[in-house]
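Trainee: Let's go through this one together, starting with the charged side chains.

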Amino acid sequence: MKLVDRIQRLQTLDAGSASQAEVRAALDELRRVRGWASQLEARLTRRAERLAESEAAIDPTDLLSRSSKGSRRDADKRRRRAETLDSAPSLESELGRGRISDEHVDAMTNAAGRVDDEAQRAELFASEHELAQRAVASTPGQFARHLGRVIDRLGADAGLERSERQRTLASLSHGIDESTGMGFIRADLHPDDYQKVKGRLEAEIVARAKRGDTRDRRRIGADALVDLVCGARAESTPPPEVSIHIDRRTLVGGLHDQSLCEYVDGTPLPVDTVRRHACTAHLIPIVLDG
């Protein structure tokens with residue numbers, strides 16, 4: 001079906017009285033239209049980049065943020081997405097067909113950003129056709145976990161080195177936002193430390209919500225952060241420092257096709273890092289299909 005036909009079908013739909021079958025069909029049409037739009041946006045973004053190389057007056061990030069009425073941060077994200085699709089035409093094709101989403105592409109972008117070695121990065125994109133097929137058959141979360149396993153296999157020997165290198169990149173910055181007058185704090189943390197801080201904050205937000213705080217989670221979190229840093233009484237019991245899910249086969253023998261090796265929120269991590277934690281951590285076995 002042509003794109004114009006899909007759009008016409010959506011325009012004539014009465015969403016307020018649509019049946020269940022019509023809702024499903026319309027959402028499917030909308031997904032395909034959205035995929036086409038995302039593919040076109042990536043191509044226009046790359047064109048803007050190339051125009052900027054020859055016309056110094058053009059700032060591609062500014063152009064993207066103004067045209068979309070969005071932030072420069074969002075524009076940068078779309079620029080990275082366009083770069084990924086330029087290196088992975090199979091992913092771009094599946095996106096245009098509506099078979100994957102922007103989130104799948106962002107998972108690939110984030111995965112590629114974790115690869116420091118250029119040869120390993122080239123090897124990752126060399127398998128972009130197979131990765132595109134995996135993306136079609138997966139949710140964005142599943143695809144991200146698969147990419148984590150692929151990267152760990154590409155650099156299995158460098159996993160612990162990467163973790164130690166991340167330790168040296170940790171930093172803290174703060175200041176006053178001139179446009180709002182609000183103070184800001186930014187911390188770039190090692191994944192282990194991030195999990196500790198996030199877990200503590202999440203536990204505090206949940207505890208305060210249960211005690212009747214009905215504000216937005218972000219506002220509760222801001223107050224909780226101030227209280228925790230300044231030593232005020234906490235509402236929650238501190239959670240475990242780091243929670244990790246890993247299957248026994250991976251822990252003992254290394255990565256395999258069905259490996260599970262990630263923090264509790266789904267963020268992948270090297271097997272060697274888990275083994276290091278396992279030397280001192282409290283292990284909770286879970287038996288499946290027993």
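Trainee: Is Arg217 buried, exposed or partly exposed?

Mentor: Arg217 is partly exposed, at 42% relative accessibility. On that scale buried is under 20% relative accessible area, exposed is over 50%, and partly exposed is in between (1.4 Å probe, protein chains only). Keep in mind that this is a predicted model, where local features need pLDDT of at least 70 and side-chain atom pairs count only at pLDDT 80 or more, while totals for chains, interfaces and linings use all residues. Numbering runs from 1 along each chain as its sequence is written, and side-chain values use heavy atoms, without hydrogens or water.

Trainee: OK, which residue does Arg217 form a salt bridge with?

Mentor: Glu202, with the closest N and O atoms 2.6 Å apart. A salt bridge here is a Lys or Arg side-chain nitrogen within 4 Å of an Asp or Glu carboxyl oxygen. The pair links distant parts of the chain, 15 residues apart: Glu202 is in helix H11 (residues 191-210) and Arg217 in helix H12 (residues 217-230). Helices (H or I, at least four residues) and strands (E, at least two) are DSSP runs, numbered from the N terminus. Glu202 is partly exposed too, at 34%.

Trainee: How many salt bridges does the structure hold?

Mentor: 27. One of them joins Arg215 and Asp223 at 2.7 Å, N to O. There's also a network linking Arg43, Arg46, Arg50, Asp86 and Glu92.

Trainee: What about Glu94, buried or exposed?

Mentor: Glu94 is buried, at 5%. Its salt bridge goes to Arg97, with the closest N and O atoms 3.6 Å apart, and Arg97 is partly exposed at 44%.

Trainee: Switching topic: how many residues are in the largest nonpolar core?

Mentor: That core has 22 residues, and Leu91, Met108 and Phe143 are among those with the most contacts inside it. A nonpolar core is a set of buried Ala, Val, Leu, Ile, Met, Phe, Trp, Tyr and Cys residues joined through side-chain atoms within 4.5 Å. H6 (102-113) is one of the elements that give two or more residues, and H6 gives the most, with five.

Trainee: And which residues is Met108 in contact with?

Mentor: Skipping neighbours within four places in sequence, the contacts (heavy atoms within 4.5 Å) are Thr84, Leu91, Leu124, Phe125, Leu131, Phe143 and Leu147.
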